[in-house]
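Me: I would like to learn how to read the features of a structure, one at a time. Could you walk me through this one?

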Amino acid sequence: MLLDHAMHQKSGKPERAERGQGEALPGIGRDEAGLAQHEPEGLGRTDLLTQVVARANMVRAWKRVKTNRGSAGVDGLTIEATIEYLKTEWPRIREELQTGTYRPQPLRRVQIPKSGGNKRELGIPTVIDRLIQQALLQVLQPLIDPTFSKSSYGFRPGRRAHDAVLQAQHYVQEGYRIVVDVDLEQFFDRVNHDVLMDRLAKRIDDKAVLRLIRRYLEAGIMVHGVVTERYEGTPQGGPLSPLLANVLLDEVDREMERRGHRFVRYADDNNVYVRSRKAGERVLLGLRKLYDRLHLKVNEAKTAVASVYGRKFLGYRFWVAPGGEIKRAVAAKAIQTFRQRVRHMTRRSSGRSLNEVSEELRKYLPGWKAYFHLAQTPKKFRELDEWLRHRLRALQLKHWRRGTTMYRELRKMGASEVQAAKVAANARRWWHNSRLEMNRLMLISYFDSIGVPRLS
């Protein structure tokens, strides 16, 4: 479910704030700069909001928001327009934050397609609200994150999706080869505000910060110019949302630990590893009760107790190598998504040159390869490379179109008269030719020379 998020997860490491770089927010005084340099003393500290609006913390937050880019919210202000706006309005906003009168603006609803034809709903805050949320995150995360379960990996500093996959592999290698694969139904849209705030209040006791977070939760969503009130959910799109999700779900993690279960959780994707289906059914029954206590609903269509070899986790699957060693591979669905994306980039009706297509491939393939580099299936990556080059050769033939053009261009590339004539004689059979003669003429070295990335 959260594969895209896992592939783009940032480390969350703080950046050093520097003056004189055009990043400082106007109106943040020097006398506050030192506050953000001191670590909070504990969960009971009551001046968290002061640390949030401290100059050094706000400068760091602005750098992160600017780096993450993103579109404008309901106010229509881009990142560039927001900095101009803050030159005059930041002192007022800061005072409203400190006096408890600040009201976040509604979220702008955006729907992005998911695999299977469904859509994921995002709530995009304004740039100003993203800035404030990021500043809150930078103060709260060092306080709260260390209290989370070690089996939680999603959206946490120093933890990645790869760590979760490796831990899952370790459990399977130990012999826990039945997985309770739990999926929560519309988790980010179903978070109960009262339950979440109750769990959050047990970790921090700064009423001003709690009040501000409650207002962010209750900020409406604007759809076609009409603001709809929101009574549940913490829509994806704001910097605070992942931290709040982990606060809520940590209660389940702790109970799972108390019962001695072996599990790996990445955001709302939770996999529990057991030795038998009977044990898995018992675990699933217990999980339903735990989630029900949080007013969350298990997605029965996607939840299952099954062999690990038939399930995927964060885009990976497991397989048994000779000798009984458990190894990692890219899940079939991720391969299918990859092929669909590459087909779209290399479609022969696009009218783009090979160099233009190669440029687009360079934007996608290296990131995909970096995420799936844990896969222990070199043969599969070689097959995908061969398939990609096959498509590119067919694309080139389609661009040449006529047999006379094919003959001329192939001769320029060093083809013999017989080879060039053989291809030109079947000018309309692009896919067939790209597998045979073109495979001998447009070698791997040619694609390397125009910058086509390799997976293997």
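Me: How many bridges pair β6 and strand β7, and in which sense?
Reply: Start with the rule: two strands pair if DSSP finds at least two bridges between them. Helices (H or I, at least four residues) and strands (E, at least two) are DSSP runs, numbered from the N terminus. Here β6 and strand β7 (residues 269–274) pair in the antiparallel sense over 5 bridges. Within this pairing, F263 stands opposite V272 in β7.

Me: What should I keep in mind about the model itself?
Reply: It is a predicted model, where local features need pLDDT of at least 70 and side-chain atom pairs count only at pLDDT 80 or more, while totals for chains, interfaces and linings use all residues. Residues are numbered from 1 along each chain as its sequence is written, and side-chain values use heavy atoms, with hydrogens and water left out.

Me: What is the strand order of the open sheet that holds β6 and β7?
Reply: The order is β6-β7-β3-β8, an open sheet of 4 strands with antiparallel pairing. At the edges stand β6 (262–266) and β8 (304–307), each with a single partner strand, so one side of each has no neighbour in the sheet. On average, neighbouring strands of this sheet are turned by 20° against each other, direction ignored.

Me: Which helix lies across β6 and β7, and at what angle to β6?
Reply: First the conventions: axes are lines fitted to C-alpha atoms, for helices over the stretch in contact, and angles run from 0 to 180 degrees between N-to-C directions. Contact means heavy atoms within 4.5 Å. Helix α6 (residues 161–173) lies across β6 and β7, running at about 160° to β6. Another helix, α10, packs on the sheet and touches β6 and β7, its direction making about 175° with that of β6.

Me: How do I read a pair of aromatic rings?
Reply: A pair of aromatic rings is described by the distance of the centres and the angle of the planes. Rings of Phe, Tyr and Trp (its six-membered ring) pair if their centres lie within 6.5 Å; planes under 30 degrees apart count as stacked, over 60 as edge-to-face and the rest as tilted. The structure holds 11 aromatic pairs. In one of them, the ring centres of Y171 and Y273 are 6.0 Å apart with planes at 40°, so the pair is tilted. Y171 lies in helix α6 and Y273 in strand β7, so the pair ties together parts that are 102 residues apart in sequence.

Me: Are Y171 and Y273 buried or exposed?
Reply: Buried means under 20% relative accessible area, exposed over 50%, and partly exposed in between (1.4 Å probe, protein chains only). Y171 counts as buried at 12% relative accessibility, and Y273 counts as buried at 3%. For another pair, the rings of F187 and F188 have centres 5.0 Å apart and planes at 75°, so this pair is edge-to-face. F187 and F188 are buried.

Me: Which residues of helix α8 are buried, and what covers them?
Reply: An α-helix has 3.6 residues a turn, so residues three or four places apart point the same way. In helix α8 (residues 193–201), the buried residues are H193, V195, L196, M197, R199 and L200. Their cover includes α5 (127–144), α9 (207–218), α10 (241–258) and α11 (277–293).

Me: What does N192 reach at the start of α8?
Reply: A polar contact is a pair of N or O atoms within 3.5 Å; within protein, one must be able to donate a hydrogen and the other to accept it, and residues adjacent in sequence count only if both atoms are side-chain atoms. A side-chain oxygen of N192 comes to within 3.0 Å of the backbone nitrogen of D194. N192 is found in the loop between α7 (187–190) and α8, and is buried, with a relative accessible area of 18%. The side chains of N192 and H295 are joined by a polar contact of 3.3 Å.

Me: How is the sheet that contains β2 and β5 arranged?
Reply: This open sheet of 4 strands has the order β2-β1-β4-β5, with mixed pairing. Its edges are β2 (119–124) and β5 (226–228), each with a single partner strand, so one side of each is left without a neighbour in the sheet. β1 and β2 pair in the antiparallel sense over 6 bridges, whereas 2 bridges join strand β1 (residues 107–113) to β4, which run parallel.
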